[in-house]
Amino acid sequence: MPIMRDGFGRVHDDLRISVTDRCNLRCSYCMPVEPKWFPRERLLTYEETTRIVRIAGRLGVRRVRVTGGEPLVRRDLPDLIGMIAAIRGIDDVSLTTNGILLASAARDLVAAGLRRVNVSLDTLDRDRFRRITGRDHLDRVLEGVRRASDAGLAPIKLNTVLLRGVNDDEVETLVARSRDEGWEIRFIEFMPLENGGTWDPRRVVSGREVRERVARRWPIEPDPDGDPSAPASRWVFGDGRGAIGFIDSVTAPFCADCSRLRLTSDGKLRVCLYDDVETDLKALLRGGASDDDVAAAFDAALARKGRGGAIEIRDRRSALPLARTMHQIGG
């Protein structure tokens, strides 16, 4: 079986694909107040994306996660899901979404081959949701989660970014609701990815703090079957009612076990979320490159991957200057 390793011996079998930089929310920690969207001709076509995934699969990629922006604003997304799911060697296709358009798309996504979904949800309070996202769509998100579950997507994972003084008082409420509904919530530390100068380490709610709060009410223990290369450390509830995840990307970076590569919606390969040095795969494809040429570009990009940008941020206690914001990179 082909394996892609970097200079630190890390195996890379996970490809995150952004299909658009556009989004129907305006979360302040993700994008500028007035985002400027890529022109549509700048985006990879579904056929181009599928070709890149096929080449990546030949090199050892086994898992693909489709992201945005908000991926469901891209027209006919189930078509792309089906094209990727049909590629030999791709064992798992998942989606990260804000859930607003999920209710109407869930069954088509499952029919196309999607098996798992992560829904971004930072609050269960309607007014707070509107303040965080700039839109009054909490009810649509919760309906999307319900329809996704009814369609057979499992497990339903919630991605919750905690910001001190904004929504950190909802930890117990979110966990209780997740346990009741059968969701698996994952608390994510606030990452410096918005370029607006608002990131401050004092606003970060550490995973350790959240674990301690959760454990005071519900005993939890590390999942002995957890995936060491996954970004979330997975814990199980002592009473057997599900699991919970913690992505301690700022205070305890998981760079040493990173297995991820990222493809932006405009065709750039990034070997690290915080690395602005990109490989232009779209230019290769549209310039007539062979599959072997594109494979060589993957290998060359991986060869220069460093120890990890999150480690540098932790050591510096400050953000790294990035040319792109999160909605332009992909989750």
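In which helix is Gly 207 found? Select helix α7, residues 207-217, and Gly 207 is there. Keep in mind throughout that this is a predicted model.

**Stop 1: Gly 207**

Is Gly 207 buried or exposed? It is buried, because its relative accessible area is 4% and the cut-off for buried is under 20%. Now show its contacts beyond the neighbours within four places in sequence. They are Glu 189, Phe 246, Asp 248 and Thr 251. Next, pick the C-alpha atoms of Gly 207 and Ala 252. They are separated by 8.5 Å, although the two residues are 45 residues apart along the chain.

**Stop 2**

Now zoom in on β4 (residues 116-120) and β5 (residues 156-162). These two strands run parallel and are joined by 4 bridges. Which residue of β5 stands opposite Val 119? Select Leu 158. As background, strands of a sheet pair through backbone hydrogen bonds, either parallel or antiparallel.

**Stop 3: the nonpolar core**

Select Leu 77, Phe 187, Ile 244 and Phe 298. These residues have the most contacts inside the largest nonpolar core, which has 100 residues.

Stay on Phe 187 and display what surrounds it. Leaving aside neighbours within four places in sequence, its contacts include Thr 160, Leu 162, Val 171, Leu 174 and Val 175. Also among them are Val 210, Ile 244 and Phe 246.

**Stop 4: Arg 179**

Go to helix α6, residues 171-181, and pick Arg 179. Is this arginine buried or exposed? Arg 179 counts as buried, because its relative accessibility is 10%. Beyond its neighbours within four places in sequence, it is in contact with Trp 218, Phe 237, Asp 239 and Arg 241.

**Stop 5: salt bridges**

How many salt bridges does a search of the whole structure find? The search finds 31. Visit three of them.

- Select Asp 150 and Arg 146. Their closest N and O atoms are 2.9 Å apart. Both sit in helix α5 (residues 138-150), and being 4 residues apart they are separated by about one helical turn. Asp 150 counts as partly exposed at 45% relative accessibility. Arg 146 is also partly exposed, at 42%.
- Select Asp 223 and Arg 234. Their side chains meet in a salt bridge of 2.6 Å, N to O. Asp 223 lies in the loop between β7 and β8, and Arg 234 lies in strand β8 (233-237), so the pair ties together parts that are 11 residues apart in sequence. Asp 223 counts as buried at 15% relative accessibility, whereas Arg 234 is partly exposed at 34%.
- Select Asp 276 and Arg 270. This salt bridge is 3.2 Å, N to O. Asp 276 counts as partly exposed at 31% relative accessibility. Arg 270 counts as buried at 0%.

Finish with a group selection: Arg 42, Asp 266, Lys 268 and Asp 280. Salt bridges that share partners join these residues into one network.

Definitions and conventions:
Residues are numbered from 1 along each chain as its sequence is written. This is a predicted model: local features need pLDDT of at least 70, side-chain atom pairs count only at pLDDT 80 or more; totals for chains, interfaces and linings use all residues. Side-chain values use heavy atoms; hydrogens and water are left out. Two strands pair if DSSP finds at least two bridges between them. A nonpolar core is a set of buried Ala, Val, Leu, Ile, Met, Phe, Trp, Tyr and Cys residues joined through side-chain atoms within 4.5 Å. Buried means under 20% relative accessible area, exposed over 50%, partly exposed in between (1.4 Å probe, protein chains only). Contact means heavy atoms within 4.5 Å. A salt bridge is a side-chain nitrogen of Lys or Arg within 4 Å of a carboxyl oxygen of Asp or Glu.
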